[in-house]
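Dear colleague,

Please find below the sequence and the structure that I am handing over to you. My account of what was found follows directly after.

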Amino acid sequence: MASLYPHDLNVDLHMHSTASDGALDPADLVARAVANGVQIMALTDHDTVAGQAAAREAAQRSGVHYVHGVEISVTWGGETIHVVGLDFDPNHTGLLETLSAIQVGRLGRARAMARGLVDHGLPDVFDQAMGYAQNPTLIGRTHFARALVAQGICSDMNTVFQRFLTPGKPGYLAHQWASLSQAVGAIRGAGGVAVLAHPARYRLSAIGHWALLDEFKALGGSAIEVVTGSHTEKEARRFQQVAVEHQLHASRGSDFHAVGESRFDVGAVPPLPDATRPVWHGWAH
Ligand code: AMP
Ligand code: MN
Ligand code: MN
Ligand code: MN
């Protein structure tokens, strides 16, 4: 790996396992990453580090460079924002406490989501959704979407989200996640790097984006995802510019969840543009 320029490495720093809302267990996910030629990887489950030891051990057995990861749910300006943490101590007490506090709210939210769907005339899929969540405290919208597809209510996940699980729709519930300061603070406190995930997904004005990035940086955030499975090529170009303007490092991740659900396979998103400094610069070479 020593001779490769950092942009040329196949790096995937955003993906999910059965510890949150992915379909593969951590070891199978690592095997898939290795088969796809990934050289540096992080498993970044929503609001949990439960899969970290298994992923790290599998990665070490197969010679892929592993960094610990997590994707923390945040409420900022009324919008849900995701902050990826990388390369931290997964046993750090402050981080574990922050993640537990977020998990506590998920079960009650899931019950309310199920009620909202039933009130709308749909079948009660609470038990089925819970059955898809290997870790009940990580129950989320993806598990409900899988249940509604399995029931034949919609033909694919994207349609379920659009019709039922996004703001203003019957199965959506406004929810208070962690604050930006709690999320970035927990990641930094555990020795990690905080990365703003898929920035193009947030419904913010240009000024809103600017304010978010300012606050994120002031709190100690240092990178944004430029290339992600959630960005179009145009969005990646836009946020490459943003990374340069705000002097933020750039990250790359597939956001892979499951075969047949995710737009990109593990390690299969486009490379980072040359103009940006990769967040993995200095990690593994
Ligand atoms: P939650 O944390 O429970 O609000 O669930 C958020 C998750 O839902 C995201 O991490 C994605 O995995 C999934 N998701 C959100 N929007 C969509 C969409 N349009 N299509 C498929 N999955 C989505
Ligand atoms: Mn997800
Ligand atoms: Mn996300
Ligand atoms: Mn994700």
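**The open sheet**

Five strands make up an open sheet with mixed pairing, arranged in the order β4-β5-β6-β7-β8. β4 (69-76) and β8 are the edge strands; each has a single partner strand, so one side of each is left without a neighbour in the sheet. From one strand to the next, the twist averages 40°. Please bear in mind that this is a predicted model.

Within the sheet, strand β5 (residues 79-86) and strand β6 (residues 193-196) run antiparallel and are joined by four bridges. Valine 84, for instance, has valine 195 in β6 as its bridge partner. Helix α8 (residues 206-218) lies across β4, β5, β6 and β7 (223-228), and its direction makes an angle of about 175° with β6.

**The manganese sites**

Which residues hold the manganese ion (ligand 4)? Its protein donors are His14 (NE2), His16 (NE2), Glu71 (OE) and Asp255 (OD), at 2.1 to 2.2 Å from the ion. Along the sequence, these donor residues have the spacing H-x1-H-x54-E-x183-D. Distant parts of the chain are linked here: histidine 16 belongs to the loop between β1 (11-12) and α1 (26-35), whereas aspartate 255 belongs to the segment after β8 (249-253), 239 residues apart. Histidine 16 is buried, its relative accessible area being 0%. Aspartate 255 is also buried, with a relative accessible area of 8%; the cut-off for this class is under 20%.

The manganese ion (ligand 2) lies 4.6 Å from the manganese ion (ligand 4). Aspartate 21 counts as buried because its relative accessibility is 8%, and histidine 257 counts as buried because its relative accessibility is 13%. A further manganese ion (ligand 3) is 5.8 Å from the manganese ion (ligand 2).

**Helix packing**

How do α1 and helix α2 (residues 52-62) pack, and what angle do they form? The angle is about 35°, and the two axes are 8 Å apart. The crossing of α1 and α2 is right-handed. On the α1 side, the residues in contact are Pro26, Ala27, Val30 and Val34; on the α2 side, they are Ala54, Ala55, Ala58, Ala59 and Ser62. Sorted by class, this contact of α1 with α2 comprises eight nonpolar residues, one polar residue and no charged residues.

Helix α5 (residues 141-150) is mostly covered, with seven of its ten residues buried. The buried residues in α5 are Thr142, His143, Phe144, Ala145, Arg146, Ala147 and Leu148. Their cover includes α3 (93-119), α4 (126-132) and α6 (157-165). After α5 comes glycine 152, which has a positive phi near 80°.

With kind regards

Conventions: Residues are numbered from 1 along each chain as its sequence is written. Chains are lettered from A and ligands numbered from 1 in the order in which they are written. This is a predicted model: local features need pLDDT of at least 70, side-chain atom pairs count only at pLDDT 80 or more; totals for chains, interfaces and linings use all residues. Side-chain values use heavy atoms; hydrogens and water are left out. Donors are N, O and S atoms within 2.8 Å of the metal (3.2 Å for Na, K and Ca); water is not among the atoms, so sites may look incomplete. Helices (H or I, at least four residues) and strands (E, at least two) are DSSP runs, numbered from the N terminus. Buried means under 20% relative accessible area, exposed over 50%, partly exposed in between (1.4 Å probe, protein chains only). Two strands pair if DSSP finds at least two bridges between them. Axes are lines fitted to C-alpha atoms, for helices over the stretch in contact, and angles run from 0 to 180 degrees between N-to-C directions. Contact means heavy atoms within 4.5 Å. A crossing is left-handed if the near helix is turned anticlockwise from the far one by less than a right angle, and right-handed if clockwise. Ala, Val, Leu, Ile, Met, Phe, Trp, Tyr, Cys and Pro count as nonpolar, Asp, Glu, Lys and Arg as charged, and the others, Gly among them, as polar.
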